[in-house]
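Here is a colleague's note to read beside the model. Keep the structure open and check each point as you go.

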Amino acid sequence: MPHESQSQTSGGGRRRASPFKMRREAPLDAEVISLPTIRIRGRSFMAMVVAPEFPFGDWFAALDRQLAGAPGFFAERPVVVDLGGVLEAVGPDSLPVVLEGLAARGMKIAGVEGVRPVHLSGTAWADVATNLHGREVPLEPKSGRAAPPPAVPHAASLLIERPVRSGESIVFEEGDIIVVGPVASGAEVIAGGSVHVYGALRGRAIAGLKTGGARIFCRRLEAEMLAVDQLYRTAENWGPDLHGRAVQVRCDRGALRLSALD
């Protein structure tokens, strides 16, 4: 602590001096400290969307059965929950119950649809996003610079001339994906149109995100999961007769149809 010093007076007496004062440091000029530039941008990403239905017991039982056949389907993927049907069927009180049931099954809930923030107010899910946008847009201040040239149209297909290795995720929403080689177990190929695999398909293939009439073609069927137009099947649901054969998969009158090509 600061100590008090003593000094002589002209009459020989002593007086107590005031404690010394801390000197305030001069404010630093704004140019002295260079702060980093904060850059913010939007990003489009692929999320799985689930839409729970009432009665919840039956719906969760069906979900558990599907997850048992494809346990890694939602692993490390953002999930958006469409709660519009739940809100309409049973009201807002059941919304937290549904979200907790999904989270208990390991789903990474990135946001919800079909409800307003007030419907989740006062619950553990009050801060979850309810207004998600996927298109990538740079969020930078406007300037007087000329606008960039128009974007080049996307190709109608994506050609992969190599094996797709385990853990890889190939996503092409604008059209077909063509893989010249095998798709390993644990890998996935997701296309807005059709999926063509000129090799063994051992991982997961999802077709028809944006295009009706999409199909999956593979030279050898050993897949973990196949999906077309929001319908999917796992390996135990197409039987041994098609295993290892050249196959096409299509959606026909609300059902997934698999047929041999050889």
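1. Val50 stands opposite Val81 in strand 4. Find these two residues before anything else. Please keep in mind that this is a predicted model.

2. **The sheet around that pair.** Strand 3 and strand 4 (residues 78-82) are joined by three bridges and run parallel. They belong to an open sheet of three strands, in the order 3-4-5, with parallel pairing. Strand 3 (48-50) and strand 5 (108-113) stand at the edges. Each has a single partner strand, so one side of each is left without a neighbour in the sheet. From one strand to the next, the twist averages 30 degrees.

3. **A helix on this sheet.** Which strands does helix 3 touch? Helix 3 (residues 95-104) packs on the sheet and touches strand 3, strand 4 and strand 5. The direction of helix 3 makes about 155 degrees with that of strand 5.

4. **The whole chain.** Step back for a moment. The protein chain has four helices and 16 strands. It holds 262 residues, and buried residues make up 33% of them. Take the contacts with a separation of 6 or more: 35% of them are between residues 24 or more positions apart. The accessible surface comes to about 17300 Å². Carbon and sulfur atoms account for 52% of that surface.

5. Another open sheet has five strands, in the order 7-9-11-13-14. Its pairing is mixed. Which strands stand at the edges? They are strand 7 (169-172) and strand 14 (231-234). Each has a single partner strand, so one side of each lacks a neighbour in the sheet. Here the twist averages 5 degrees from one strand to the next.

6. **One pairing in detail.** Strand 13 (residues 225-228) pairs with strand 14 in the antiparallel sense. Four bridges link the two. Look for Leu226: its bridge partner in strand 14 is Arg233.

7. Glu188 sits in strand 9 (residues 188-191). Is Glu188 buried or exposed? Its relative accessible area is 5%, so Glu188 is buried, the cut-off being under 20%. Leave aside the neighbours within four places in sequence. Glu188 is then in contact with Arg77, Glu168, Ser169, Ile170 and Arg204.

8. The whole structure has ten salt bridges. One of them joins the side chains of Lys210 and Glu173, at 3.3 Å from N to O. Lys210 lies in the loop between strand 11 (204-207) and strand 12 (215-221), while Glu173 lies in the loop between strand 7 and strand 8 (176-179). The pair therefore ties together parts that are 37 residues apart in sequence. Lys210 is exposed, at 59% relative accessible area. Glu173 counts as partly exposed, at 24%.

9. Glu222 forms a salt bridge with Arg202, and their closest N and O atoms are 2.8 Å apart. Glu222 lies in the loop between strand 12 and strand 13, and Arg202 in the loop between strand 10 (195-201) and strand 11. So this pair ties together parts that are 20 residues apart in sequence. Glu222 counts as partly exposed, at 25% relative accessibility. Arg202 is partly exposed too, with a relative accessible area of 31%.

10. The side chains of Asp252 and Arg257 meet in a salt bridge, 3.8 Å from N to O. Asp252 is buried, with a relative accessible area of 19%. Arg257 counts as partly exposed, at 35%. Which residues are joined into one network? Salt bridges that share partners connect Arg250, Asp252, Arg253 and Arg257.

11. **A nonpolar patch.** Finish on the surface. Leu159, Val180 and Tyr198 form a nonpolar patch there. Together they have about 280 Å² of accessible area. Leu159 is found in strand 6 (residues 157-160). At 48% relative accessibility, Leu159 counts as partly exposed.

How values were computed: Residues are numbered from 1 along each chain as its sequence is written. This is a predicted model: local features need pLDDT of at least 70, side-chain atom pairs count only at pLDDT 80 or more; totals for chains, interfaces and linings use all residues. Side-chain values use heavy atoms; hydrogens and water are left out. Buried means under 20% relative accessible area, exposed over 50%, partly exposed in between (1.4 Å probe, protein chains only). Contact means heavy atoms within 4.5 Å. Accessible areas come from the Shrake-Rupley method with a 1.4 Å probe; for residues, only the protein chains shown count as cover. Two strands pair if DSSP finds at least two bridges between them. Axes are lines fitted to C-alpha atoms, for helices over the stretch in contact, and angles run from 0 to 180 degrees between N-to-C directions. Patches are made of residues with over 30% relative accessible area and no salt bridge: like charges are joined within 9 Å, nonpolar side chains (Val, Leu, Ile, Met, Phe, Trp, Tyr) within 5 Å. A salt bridge is a side-chain nitrogen of Lys or Arg within 4 Å of a carboxyl oxygen of Asp or Glu.
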